[in-house]
Amino acid sequence: MAKITKLDDIVSLCKRRGFIFQSSEIYGGLASCYDYGPLGVELKSNVRKAWWKSVVQMRDDVVGVDCSILMHPLVWKASGHADKFADLIAECKKCNVRTRVDHLAENAEEHTEHISLDIAEAAEYDLSNKVCPGCGKIGQFTEPMPFKLMFETQMGANVDDSMMLYLRPETAQGIFVNFRNVLDSTRVKIPFGIAQIGKSFRNEVTTKAFIFRTREFEQAELEFFCQPGTDDDWWHTWKDLRFQWYIDLGIKKENLRLRDHAGDELAHYAKACVDVEYKFPFGSGDWQELEGIANRTDYDLRQHQRGMRTLNKWYETKGDLTKIDLSDEAEDYEKGPLSYFDEEQKKRFIPYVIEPSAGIDRSTLAFLVDAYDEEEVKGQKRNLLRFHPALAPIKAAVFPLVKKDGLPEIAQNICNDFKKYFNCFYDQKGAVGRRYRRQDEAGTPYCLTVDGQTKEDGTVTVRERDSMEQERISTDKLLGYLREKLDI
Ligand code: ATP
(Lines give C-alpha, C1' and ligand atoms only; values in the text may rest on other atoms or scores of the structure.)
Protein backbone atom coordinates (compact mmCIF):
# COMPACT_ATOMS: atom_id res chain seq x y z
CA MET A 1 0.00 0.00 0.00
CA ALA A 2 2.82 2.38 0.82
CA LYS A 3 3.94 2.21 -2.80
CA ILE A 4 0.53 3.31 -4.10
CA THR A 5 0.60 6.24 -1.70
CA LYS A 6 3.92 7.20 -3.20
CA LEU A 7 2.44 7.73 -6.67
CA ASP A 8 -0.44 9.69 -5.13
CA ASP A 9 2.09 11.81 -3.27
CA ILE A 10 3.88 12.53 -6.52
CA VAL A 11 0.67 13.39 -8.36
CA SER A 12 -0.27 15.85 -5.63
CA LEU A 13 3.22 17.35 -5.43
CA CYS A 14 3.19 17.76 -9.21
CA LYS A 15 -0.08 19.68 -9.05
CA ARG A 16 0.80 21.70 -5.94
CA ARG A 17 4.18 22.83 -7.23
CA GLY A 18 3.30 23.24 -10.90
CA PHE A 19 5.02 20.28 -12.50
CA ILE A 20 2.04 18.58 -14.14
CA PHE A 21 -1.68 19.39 -14.39
CA GLN A 22 -4.61 17.48 -15.81
CA SER A 23 -5.40 18.84 -19.28
CA SER A 24 -8.50 21.07 -19.55
CA GLU A 25 -8.92 20.83 -15.80
CA ILE A 26 -11.37 23.74 -15.53
CA TYR A 27 -13.73 21.75 -17.79
CA GLY A 28 -13.48 18.63 -15.69
CA GLY A 29 -10.29 17.39 -17.33
CA LEU A 30 -9.59 15.31 -20.44
CA ALA A 31 -8.70 11.73 -19.61
CA SER A 32 -5.10 10.68 -20.18
CA CYS A 33 -4.00 14.13 -21.32
CA TYR A 34 -1.67 16.22 -19.18
CA ASP A 35 -0.11 19.67 -19.26
CA TYR A 36 3.34 20.50 -17.95
CA GLY A 37 3.43 23.55 -15.67
CA PRO A 38 6.30 26.00 -15.02
CA LEU A 39 8.55 23.50 -13.21
CA GLY A 40 7.43 20.52 -15.31
CA VAL A 41 8.26 22.18 -18.61
CA GLU A 42 11.83 22.80 -17.39
CA LEU A 43 12.20 19.24 -16.10
CA LYS A 44 10.90 17.68 -19.31
CA SER A 45 13.06 19.96 -21.42
CA ASN A 46 16.10 18.91 -19.35
CA VAL A 47 15.24 15.23 -19.95
CA ARG A 48 15.11 15.96 -23.68
CA LYS A 49 18.39 17.89 -23.56
CA ALA A 50 20.13 15.09 -21.63
CA TRP A 51 18.99 12.53 -24.22
CA TRP A 52 20.05 14.74 -27.13
CA LYS A 53 23.41 15.48 -25.54
CA SER A 54 24.20 11.81 -25.02
CA VAL A 55 22.76 10.45 -28.28
CA VAL A 56 23.57 13.27 -30.74
CA GLN A 57 25.80 16.05 -29.38
CA MET A 58 28.51 13.86 -27.84
CA ARG A 59 28.79 11.52 -30.84
CA ASP A 60 30.35 11.93 -34.26
CA ASP A 61 28.16 9.29 -35.83
CA VAL A 62 24.63 10.58 -35.09
CA VAL A 63 22.73 13.50 -36.65
CA GLY A 64 19.29 14.85 -35.78
CA VAL A 65 16.05 15.62 -37.63
CA ASP A 66 12.69 17.06 -36.70
CA CYS A 67 9.95 15.67 -38.93
CA SER A 68 6.30 16.62 -39.28
CA ILE A 69 3.63 14.73 -37.37
CA LEU A 70 1.41 14.40 -40.45
CA MET A 71 2.88 12.17 -43.12
CA HIS A 72 1.82 10.64 -46.43
CA PRO A 73 -0.67 7.79 -45.80
CA LEU A 74 1.51 5.36 -47.77
CA VAL A 75 4.15 5.71 -45.03
CA TRP A 76 1.80 3.88 -42.66
CA LYS A 77 0.86 1.30 -45.26
CA ALA A 78 4.53 0.51 -45.88
CA SER A 79 5.48 0.49 -42.19
CA GLY A 80 2.70 -1.99 -41.47
CA HIS A 81 0.83 0.32 -39.08
CA ALA A 82 -2.21 0.82 -41.34
CA ASP A 83 -2.90 -2.92 -41.36
CA LYS A 84 -1.44 -4.15 -38.10
CA PHE A 85 -1.21 -1.39 -35.50
CA ALA A 86 -4.08 -2.49 -33.33
CA ASP A 87 -4.54 -3.86 -29.86
CA LEU A 88 -6.61 -6.92 -29.22
CA ILE A 89 -9.38 -5.95 -26.83
CA ALA A 90 -12.31 -7.66 -25.13
CA GLU A 91 -15.38 -6.07 -23.62
CA CYS A 92 -16.80 -7.12 -20.28
CA LYS A 93 -20.41 -8.24 -20.81
CA LYS A 94 -21.33 -7.06 -17.33
CA CYS A 95 -19.93 -3.53 -17.18
CA ASN A 96 -18.94 -2.89 -20.84
CA VAL A 97 -15.40 -1.89 -19.93
CA ARG A 98 -12.98 -2.68 -22.77
CA THR A 99 -9.51 -3.88 -21.82
CA ARG A 100 -6.41 -4.91 -23.73
CA VAL A 101 -6.35 -8.69 -23.71
CA ASP A 102 -2.65 -8.70 -22.80
CA HIS A 103 -3.39 -6.45 -19.82
CA LEU A 104 -6.01 -8.74 -18.30
CA ALA A 105 -4.87 -10.37 -15.11
CA GLU A 106 -5.76 -13.84 -13.95
CA ASN A 107 -7.58 -14.04 -10.63
CA ALA A 108 -6.78 -11.01 -8.53
CA GLU A 109 -3.08 -10.87 -9.35
CA GLU A 110 -1.96 -7.64 -10.89
CA HIS A 111 0.46 -8.34 -13.65
CA THR A 112 0.85 -7.87 -17.34
CA GLU A 113 1.56 -10.72 -19.66
CA HIS A 114 4.27 -10.04 -22.16
CA ILE A 115 3.07 -11.64 -25.35
CA SER A 116 2.87 -10.39 -28.89
CA LEU A 117 -0.79 -10.83 -29.78
CA ASP A 118 -1.58 -11.94 -33.27
CA ILE A 119 -4.74 -10.23 -34.44
CA ALA A 120 -5.41 -13.02 -36.95
CA GLU A 121 -5.68 -15.53 -34.12
CA ALA A 122 -7.92 -13.36 -31.97
CA ALA A 123 -10.57 -15.98 -31.38
CA GLU A 124 -8.08 -18.40 -29.87
CA TYR A 125 -7.35 -16.49 -26.68
CA ASP A 126 -8.80 -18.05 -23.59
CA LEU A 127 -10.27 -15.39 -21.34
CA SER A 128 -12.25 -17.72 -19.08
CA ASN A 129 -9.95 -17.08 -16.09
CA LYS A 130 -9.38 -13.39 -16.66
CA VAL A 131 -10.69 -10.74 -14.32
CA CYS A 132 -12.43 -7.55 -15.49
CA PRO A 133 -10.56 -4.54 -14.07
CA GLY A 134 -13.86 -2.59 -14.19
CA CYS A 135 -16.17 -4.78 -12.09
CA GLY A 136 -14.06 -7.76 -10.98
CA LYS A 137 -16.19 -10.39 -12.77
CA ILE A 138 -14.26 -13.40 -14.04
CA GLY A 139 -14.43 -14.71 -17.60
CA GLN A 140 -17.38 -12.58 -18.75
CA PHE A 141 -15.76 -11.26 -21.91
CA THR A 142 -16.73 -10.94 -25.56
CA GLU A 143 -14.47 -12.54 -28.17
CA PRO A 144 -11.24 -10.56 -28.53
CA MET A 145 -11.40 -8.00 -31.35
CA PRO A 146 -8.83 -5.64 -32.91
CA PHE A 147 -8.95 -1.96 -32.00
CA LYS A 148 -7.01 0.45 -34.26
CA LEU A 149 -4.62 2.64 -32.35
CA MET A 150 -3.92 5.40 -34.86
CA PHE A 151 -5.85 8.67 -34.65
CA GLU A 152 -7.35 9.76 -37.97
CA THR A 153 -7.68 13.31 -39.19
CA GLN A 154 -8.67 15.07 -42.39
CA MET A 155 -6.38 17.38 -44.37
CA GLY A 156 -7.60 20.07 -46.79
CA ALA A 157 -10.91 21.82 -47.38
CA ASN A 158 -11.74 20.66 -50.92
CA VAL A 159 -13.43 17.33 -51.44
CA ASP A 160 -11.15 16.54 -54.42
CA ASP A 161 -7.84 17.03 -52.73
CA SER A 162 -8.70 16.40 -49.11
CA MET A 163 -7.38 13.20 -47.66
CA MET A 164 -7.50 11.16 -44.53
CA LEU A 165 -4.26 11.21 -42.60
CA TYR A 166 -3.01 9.64 -39.40
CA LEU A 167 -1.33 11.35 -36.49
CA ARG A 168 2.00 9.52 -36.30
CA PRO A 169 2.06 6.71 -33.72
CA GLU A 170 5.88 6.75 -33.62
CA THR A 171 8.56 9.19 -34.73
CA ALA A 172 10.74 6.51 -36.33
CA GLN A 173 9.06 6.57 -39.76
CA GLY A 174 9.99 10.23 -40.29
CA ILE A 175 13.60 9.10 -39.99
CA PHE A 176 13.28 6.19 -42.44
CA VAL A 177 11.62 8.30 -45.11
CA ASN A 178 14.42 10.88 -44.77
CA PHE A 179 17.23 8.32 -44.89
CA ARG A 180 18.09 9.24 -48.51
CA ASN A 181 17.85 12.98 -47.81
CA VAL A 182 20.28 12.73 -44.90
CA LEU A 183 22.70 10.58 -46.90
CA ASP A 184 22.63 13.07 -49.80
CA SER A 185 22.93 16.22 -47.71
CA THR A 186 25.57 15.24 -45.16
CA ARG A 187 28.81 13.28 -45.14
CA VAL A 188 27.57 10.49 -42.90
CA LYS A 189 28.84 7.01 -43.62
CA ILE A 190 27.53 3.75 -42.29
CA PRO A 191 27.53 3.02 -39.39
CA PHE A 192 25.62 6.16 -38.40
CA GLY A 193 22.39 7.15 -36.72
CA ILE A 194 19.55 9.64 -37.16
CA ALA A 195 17.81 10.84 -34.02
CA GLN A 196 14.53 12.60 -33.40
CA ILE A 197 12.46 13.76 -30.44
CA GLY A 198 8.79 14.55 -30.96
CA LYS A 199 5.15 13.91 -30.24
CA SER A 200 3.43 10.64 -31.06
CA PHE A 201 -0.22 9.72 -30.73
CA ARG A 202 -1.90 6.41 -29.95
CA ASN A 203 -5.54 5.90 -29.13
CA GLU A 204 -4.60 3.61 -26.24
CA VAL A 205 -7.39 1.38 -24.97
CA THR A 206 -6.38 1.73 -21.37
CA THR A 207 -4.34 4.60 -20.09
CA LYS A 208 -2.86 4.43 -16.67
CA ALA A 209 -0.81 5.83 -13.88
CA PHE A 210 -0.61 9.53 -14.52
CA ILE A 211 1.77 10.26 -17.44
CA PHE A 212 2.94 6.64 -17.77
CA ARG A 213 0.58 5.75 -20.62
CA THR A 214 -1.19 8.62 -22.36
CA ARG A 215 -2.72 9.08 -25.78
CA GLU A 216 -0.42 11.96 -26.72
CA PHE A 217 3.19 11.58 -25.67
CA GLU A 218 6.72 12.38 -26.65
CA GLN A 219 9.26 9.89 -27.94
CA ALA A 220 13.03 10.09 -28.32
CA GLU A 221 14.10 7.68 -31.02
CA LEU A 222 17.37 6.81 -32.66
CA GLU A 223 17.60 4.76 -35.83
CA PHE A 224 21.17 3.53 -36.07
CA PHE A 225 22.02 2.21 -39.54
CA CYS A 226 24.69 -0.44 -39.84
CA GLN A 227 25.93 -3.14 -42.17
CA PRO A 228 24.10 -6.47 -41.89
CA GLY A 229 26.34 -8.78 -39.86
CA THR A 230 27.43 -5.98 -37.51
CA ASP A 231 23.90 -5.51 -36.16
CA ASP A 232 24.21 -7.84 -33.14
CA ASP A 233 27.25 -5.95 -31.85
CA TRP A 234 25.59 -2.58 -32.32
CA TRP A 235 22.47 -3.82 -30.54
CA HIS A 236 24.60 -4.77 -27.52
CA THR A 237 26.43 -1.45 -27.64
CA TRP A 238 23.20 0.59 -27.62
CA LYS A 239 21.62 -1.58 -24.98
CA ASP A 240 24.53 -0.83 -22.62
CA LEU A 241 24.69 2.86 -23.50
CA ARG A 242 21.00 3.41 -22.97
CA PHE A 243 20.92 1.54 -19.66
CA GLN A 244 23.85 3.62 -18.40
CA TRP A 245 22.13 6.87 -19.42
CA TYR A 246 19.42 6.39 -16.77
CA ILE A 247 21.99 5.46 -14.12
CA ASP A 248 24.16 8.47 -14.96
CA LEU A 249 21.14 10.71 -14.47
CA GLY A 250 20.58 9.39 -10.99
CA ILE A 251 18.14 6.47 -11.29
CA LYS A 252 18.95 3.99 -8.54
CA LYS A 253 20.44 0.81 -9.93
CA GLU A 254 18.13 -1.44 -7.91
CA ASN A 255 15.13 0.16 -9.66
CA LEU A 256 16.38 -0.46 -13.18
CA ARG A 257 16.80 -3.64 -15.19
CA LEU A 258 17.09 -4.94 -18.73
CA ARG A 259 14.59 -7.53 -19.88
CA ASP A 260 15.04 -9.45 -23.13
CA HIS A 261 11.90 -10.08 -25.16
CA ALA A 262 10.95 -13.71 -25.48
CA GLY A 263 10.53 -15.05 -29.02
CA ASP A 264 6.71 -14.86 -28.94
CA GLU A 265 6.84 -11.30 -27.71
CA LEU A 266 8.94 -9.87 -30.54
CA ALA A 267 7.35 -7.54 -33.08
CA HIS A 268 7.06 -9.23 -36.48
CA TYR A 269 9.94 -7.20 -37.95
CA ALA A 270 12.33 -7.46 -35.00
CA LYS A 271 15.27 -9.82 -34.73
CA ALA A 272 15.85 -8.97 -31.06
CA CYS A 273 14.50 -6.54 -28.51
CA VAL A 274 15.33 -5.65 -24.94
CA ASP A 275 13.42 -3.32 -22.65
CA VAL A 276 14.91 -1.01 -20.07
CA GLU A 277 12.47 -1.42 -17.21
CA TYR A 278 11.89 0.67 -14.11
CA LYS A 279 10.30 -0.54 -10.90
CA PHE A 280 7.38 1.88 -10.78
CA PRO A 281 5.40 2.20 -7.56
CA PHE A 282 2.10 1.20 -9.16
CA GLY A 283 -0.05 -1.62 -7.90
CA SER A 284 2.22 -4.11 -6.23
CA GLY A 285 5.34 -2.41 -7.54
CA ASP A 286 5.61 -3.44 -11.16
CA TRP A 287 8.57 -3.50 -13.50
CA GLN A 288 7.46 -1.45 -16.48
CA GLU A 289 9.02 -0.52 -19.81
CA LEU A 290 10.84 2.80 -20.08
CA GLU A 291 12.49 2.15 -23.40
CA GLY A 292 12.83 -0.60 -25.98
CA ILE A 293 16.03 -1.30 -27.91
CA ALA A 294 15.14 -3.30 -31.01
CA ASN A 295 17.01 -4.75 -33.92
CA ARG A 296 14.58 -3.75 -36.70
CA THR A 297 16.71 -5.43 -39.39
CA ASP A 298 16.26 -3.93 -42.89
CA TYR A 299 12.48 -4.19 -42.57
CA ASP A 300 11.55 -0.49 -42.71
CA LEU A 301 13.84 0.59 -45.55
CA ARG A 302 12.77 -2.44 -47.60
CA GLN A 303 9.12 -1.70 -46.93
CA HIS A 304 9.49 1.93 -47.98
CA GLN A 305 11.16 0.85 -51.22
CA ARG A 306 8.06 -1.26 -51.82
CA GLY A 307 5.81 1.62 -50.79
CA MET A 308 7.53 4.04 -53.21
CA ARG A 309 6.70 1.71 -56.10
CA THR A 310 2.98 1.76 -55.28
CA LEU A 311 2.52 5.53 -55.53
CA ASN A 312 0.77 5.40 -58.93
CA LYS A 313 -1.49 2.64 -57.70
CA TRP A 314 -2.34 4.78 -54.71
CA TYR A 315 -3.50 7.62 -56.99
CA GLU A 316 -5.47 5.19 -59.19
CA THR A 317 -7.30 3.78 -56.19
CA LYS A 318 -7.93 7.31 -54.87
CA GLY A 319 -5.91 6.71 -51.78
CA ASP A 320 -7.59 3.49 -50.71
CA LEU A 321 -4.83 1.86 -48.68
CA THR A 322 -6.71 -1.43 -48.49
CA LYS A 323 -6.25 -1.83 -52.26
CA ILE A 324 -2.48 -1.43 -52.12
CA ASP A 325 -0.48 -4.63 -52.23
CA LEU A 326 3.14 -4.40 -51.15
CA SER A 327 3.99 -8.05 -51.40
CA ASP A 328 5.93 -8.10 -54.69
CA GLU A 329 9.67 -7.72 -54.45
CA ALA A 330 11.78 -6.57 -57.40
CA GLU A 331 14.81 -8.63 -58.22
CA ASP A 332 17.18 -5.70 -57.98
CA TYR A 333 16.02 -5.05 -54.48
CA GLU A 334 19.41 -4.61 -52.87
CA LYS A 335 20.04 -1.82 -55.37
CA GLY A 336 16.84 0.07 -54.60
CA PRO A 337 16.58 3.82 -53.85
CA LEU A 338 16.99 3.31 -50.11
CA SER A 339 20.06 1.11 -50.42
CA TYR A 340 23.55 2.23 -49.41
CA PHE A 341 26.75 2.01 -51.39
CA ASP A 342 29.85 1.40 -49.32
CA GLU A 343 32.71 3.11 -51.17
CA GLU A 344 35.50 1.24 -49.41
CA GLN A 345 34.06 -2.22 -49.87
CA LYS A 346 32.52 -1.35 -53.25
CA LYS A 347 29.40 -3.05 -52.02
CA ARG A 348 25.72 -2.10 -52.01
CA PHE A 349 23.28 -3.24 -49.34
CA ILE A 350 20.16 -2.27 -47.42
CA PRO A 351 21.32 -1.30 -43.93
CA TYR A 352 20.12 -2.95 -40.76
CA VAL A 353 18.73 -0.70 -38.05
CA ILE A 354 19.16 -0.70 -34.29
CA GLU A 355 16.46 1.38 -32.62
CA PRO A 356 16.59 2.65 -29.05
CA SER A 357 13.10 4.09 -28.53
CA ALA A 358 12.46 5.98 -25.30
CA GLY A 359 9.48 7.86 -23.91
CA ILE A 360 10.26 11.38 -22.70
CA ASP A 361 7.14 11.60 -20.50
CA ARG A 362 7.60 8.10 -19.16
CA SER A 363 11.22 8.70 -18.23
CA THR A 364 10.27 12.08 -16.74
CA LEU A 365 7.88 10.15 -14.48
CA ALA A 366 10.63 7.68 -13.57
CA PHE A 367 13.02 10.56 -12.73
CA LEU A 368 10.31 12.15 -10.58
CA VAL A 369 9.46 8.92 -8.75
CA ASP A 370 13.09 8.01 -8.18
CA ALA A 371 14.05 11.48 -6.95
CA TYR A 372 11.10 11.78 -4.57
CA ASP A 373 11.94 11.48 -0.90
CA GLU A 374 10.46 12.29 2.47
CA GLU A 375 12.43 12.64 5.67
CA GLU A 376 12.02 14.01 9.14
CA VAL A 377 14.13 17.00 10.06
CA LYS A 378 13.88 18.40 13.58
CA GLY A 379 10.46 16.82 14.06
CA GLN A 380 9.13 18.17 10.75
CA LYS A 381 8.48 16.35 7.49
CA ARG A 382 10.68 17.42 4.60
CA ASN A 383 9.58 16.54 1.03
CA LEU A 384 12.28 16.73 -1.53
CA LEU A 385 13.18 15.80 -5.07
CA ARG A 386 16.77 14.61 -5.25
CA PHE A 387 17.13 15.42 -8.95
CA HIS A 388 20.43 15.06 -10.73
CA PRO A 389 21.64 18.66 -11.31
CA ALA A 390 21.29 18.25 -15.08
CA LEU A 391 17.56 17.56 -14.65
CA ALA A 392 16.72 20.02 -11.87
CA PRO A 393 14.28 22.66 -13.21
CA ILE A 394 15.94 25.41 -11.13
CA LYS A 395 19.67 25.10 -10.51
CA ALA A 396 20.02 27.67 -7.73
CA ALA A 397 17.80 29.98 -5.68
CA VAL A 398 19.00 33.24 -4.15
CA PHE A 399 17.49 34.70 -0.97
CA PRO A 400 18.12 37.86 1.04
CA LEU A 401 17.90 36.87 4.71
CA VAL A 402 15.77 39.95 5.42
CA LYS A 403 13.97 42.44 3.19
CA LYS A 404 16.05 45.43 4.25
CA ASP A 405 19.58 46.87 4.63
CA GLY A 406 20.25 46.54 0.90
CA LEU A 407 20.28 42.71 1.05
CA PRO A 408 17.48 42.26 -1.56
CA GLU A 409 19.46 44.34 -4.08
CA ILE A 410 22.64 42.27 -3.59
CA ALA A 411 20.69 38.99 -3.88
CA GLN A 412 18.78 40.16 -6.94
CA ASN A 413 22.03 41.17 -8.66
CA ILE A 414 23.58 37.76 -8.01
CA CYS A 415 20.47 36.07 -9.36
CA ASN A 416 20.39 38.23 -12.50
CA ASP A 417 24.07 37.50 -13.20
CA PHE A 418 23.56 33.75 -12.88
CA LYS A 419 20.50 33.71 -15.13
CA LYS A 420 22.83 34.10 -18.11
CA TYR A 421 24.17 30.62 -17.36
CA PHE A 422 21.35 28.62 -15.80
CA ASN A 423 17.86 28.87 -14.30
CA CYS A 424 18.15 30.85 -11.11
CA PHE A 425 15.24 31.84 -8.88
CA TYR A 426 14.94 34.85 -6.58
CA ASP A 427 12.76 34.61 -3.45
CA GLN A 428 12.46 37.06 -0.58
CA LYS A 429 9.10 35.93 0.82
CA GLY A 430 8.63 34.32 4.25
CA ALA A 431 11.02 32.72 6.73
CA VAL A 432 14.24 31.45 5.20
CA GLY A 433 13.51 27.89 6.46
CA ARG A 434 10.27 27.85 4.50
CA ARG A 435 12.05 29.15 1.41
CA TYR A 436 14.53 26.26 1.69
CA ARG A 437 11.65 23.76 1.95
CA ARG A 438 9.97 25.15 -1.16
CA GLN A 439 13.19 24.72 -3.13
CA ASP A 440 13.67 21.18 -1.74
CA GLU A 441 10.25 20.29 -3.14
CA ALA A 442 11.19 21.77 -6.50
CA GLY A 443 14.45 19.78 -6.49
CA THR A 444 16.73 22.86 -6.56
CA PRO A 445 20.28 21.68 -5.75
CA TYR A 446 21.60 24.93 -4.20
CA CYS A 447 20.17 27.83 -2.19
CA LEU A 448 22.28 30.94 -1.64
CA THR A 449 21.49 33.30 1.23
CA VAL A 450 22.69 36.88 1.39
CA ASP A 451 22.93 38.21 4.97
CA GLY A 452 24.59 40.91 7.05
CA GLN A 453 28.00 39.22 6.77
CA THR A 454 27.79 39.45 2.97
CA LYS A 455 28.16 43.23 3.25
CA GLU A 456 31.21 42.83 5.50
CA ASP A 457 33.24 40.08 3.83
CA GLY A 458 31.49 39.46 0.48
CA THR A 459 30.51 35.85 1.27
CA VAL A 460 27.10 34.15 1.03
CA THR A 461 25.78 30.96 2.58
CA VAL A 462 25.48 28.10 0.09
CA ARG A 463 23.15 25.33 1.23
CA GLU A 464 23.17 21.98 -0.52
CA ARG A 465 19.76 20.31 -0.98
CA ASP A 466 20.45 16.66 -0.07
CA SER A 467 22.80 17.03 2.89
CA MET A 468 21.45 20.46 3.94
CA GLU A 469 25.07 21.36 4.69
CA GLN A 470 26.01 24.99 4.48
CA GLU A 471 29.27 26.74 3.68
CA ARG A 472 30.25 30.30 3.03
CA ILE A 473 31.59 31.10 -0.41
CA SER A 474 32.81 34.47 -1.56
CA THR A 475 30.61 36.06 -4.24
CA ASP A 476 33.47 36.37 -6.76
CA LYS A 477 34.02 32.59 -6.61
CA LEU A 478 30.33 31.68 -6.53
CA LEU A 479 29.65 31.28 -10.24
CA GLY A 480 32.68 29.03 -10.79
CA TYR A 481 31.80 27.03 -7.68
CA LEU A 482 28.22 26.40 -8.85
CA ARG A 483 29.13 25.66 -12.45
CA GLU A 484 31.59 23.04 -11.28
CA LYS A 485 29.10 21.45 -8.88
CA LEU A 486 26.29 21.56 -11.43
CA ASP A 487 28.54 20.50 -14.30
CA ILE A 488 27.18 23.23 -16.58
P1 ATP B 1 3.56 -0.52 -24.41
O2 ATP B 1 3.80 -1.99 -24.57
O3 ATP B 1 3.81 0.01 -23.02
O4 ATP B 1 2.29 -0.03 -25.03
P5 ATP B 1 5.25 -0.21 -26.65
O6 ATP B 1 6.14 -1.41 -26.50
O7 ATP B 1 4.15 -0.25 -27.63
O8 ATP B 1 4.69 0.22 -25.22
P9 ATP B 1 7.05 1.32 -28.12
O10 ATP B 1 6.25 1.31 -29.35
O11 ATP B 1 8.25 0.44 -28.05
O12 ATP B 1 6.13 1.05 -26.88
O13 ATP B 1 7.44 2.82 -27.79
C14 ATP B 1 8.70 3.20 -27.30
C15 ATP B 1 8.58 4.00 -26.02
O16 ATP B 1 7.63 5.06 -26.18
C17 ATP B 1 8.06 3.19 -24.83
O18 ATP B 1 9.12 2.49 -24.21
C19 ATP B 1 7.51 4.28 -23.94
O20 ATP B 1 8.54 4.90 -23.18
C21 ATP B 1 6.99 5.30 -24.94
N22 ATP B 1 5.53 5.12 -25.09
C23 ATP B 1 4.88 4.26 -25.90
N24 ATP B 1 3.55 4.39 -25.77
C25 ATP B 1 3.35 5.36 -24.82
C26 ATP B 1 2.20 5.95 -24.25
N27 ATP B 1 0.97 5.60 -24.62
N28 ATP B 1 2.36 6.92 -23.31
C29 ATP B 1 3.60 7.32 -22.94
N30 ATP B 1 4.73 6.80 -23.46
C31 ATP B 1 4.62 5.83 -24.39
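Hi everyone. Let me start at an interface: between domain 1 and domain 2, about 1,400 Å² of area is buried, and carbon and sulfur atoms give 44% of that. One thing to keep in mind from here on is that this is a predicted model.

Why quote an area at all? The accessible area lost when parts come together is often how the size of an interface is given.

Which residues on the domain 1 side lose the most area to domain 2? They are Leu149, Val205 and Thr206, and together they account for 36% of what that side buries.

Let me place these domains for you. The chain is divided into three: domain 1 covers 38-84 plus 149-366, domain 2 covers 86-148, and domain 3 covers 394-486. Taken over C-alpha atoms, the centres of domain 1 and domain 2 are 28 Å apart.

The salt bridge count between domain 1 and domain 2 is one. If you are looking at side chains, find Arg100 and Glu204, which meet in a salt bridge with an N to O distance of 3.8 Å. There are also three residue pairs in polar contact across the interface of domain 1 and domain 2.

Next, I'd like to zoom in on one residue, Asp61. You will find Asp61 in the loop that runs between helix H2 (38-57) and strand S3 (62-64). Is Asp61 buried or exposed? Its relative accessibility is 19%, and the cut-off for buried is under 20%, so Asp61 counts as buried. As for its partners, the Asp61 side chain makes a polar contact with the side chain of Arg59, at 2.8 Å. Leaving out residues up to four places away in sequence, Asp61 touches Pro191, Phe192, Gly193, Phe224 and Trp234.

Finally, let's step back to the whole chain. Its secondary structure comes to 14 helices and 25 strands. The C-alpha trace spans about 85 × 65 × 50 Å along its principal axes. Of the 488 residues, 50% are buried. And if we take contacts with a separation of 6 or more, 65% of them are between residues 24 or more positions apart.

That's my tour, and I'm happy to go back to any part of it.

Conventions
Residues numbered from 1 in each chain as written. Predicted model: local features only at pLDDT ≥ 70, side-chain atom pairs only at ≥ 80, totals over all residues. Heavy atoms only, no water. Domains from an automatic or database assignment. Buried area = accessible area lost by both parts, 1.4 Å probe. Salt bridge = Lys/Arg side-chain N within 4 Å of Asp/Glu carboxyl O. Polar contact = N/O pair within 3.5 Å; in protein donor to acceptor, adjacent residues only side chain to side chain. Helix = DSSP H or I, 4+ residues; strand = E, 2+ residues; numbered from the N terminus. Buried < 20%, exposed > 50% of the residue type's maximum accessible area, 1.4 Å probe, protein only. Contact = heavy atoms within 4.5 Å.
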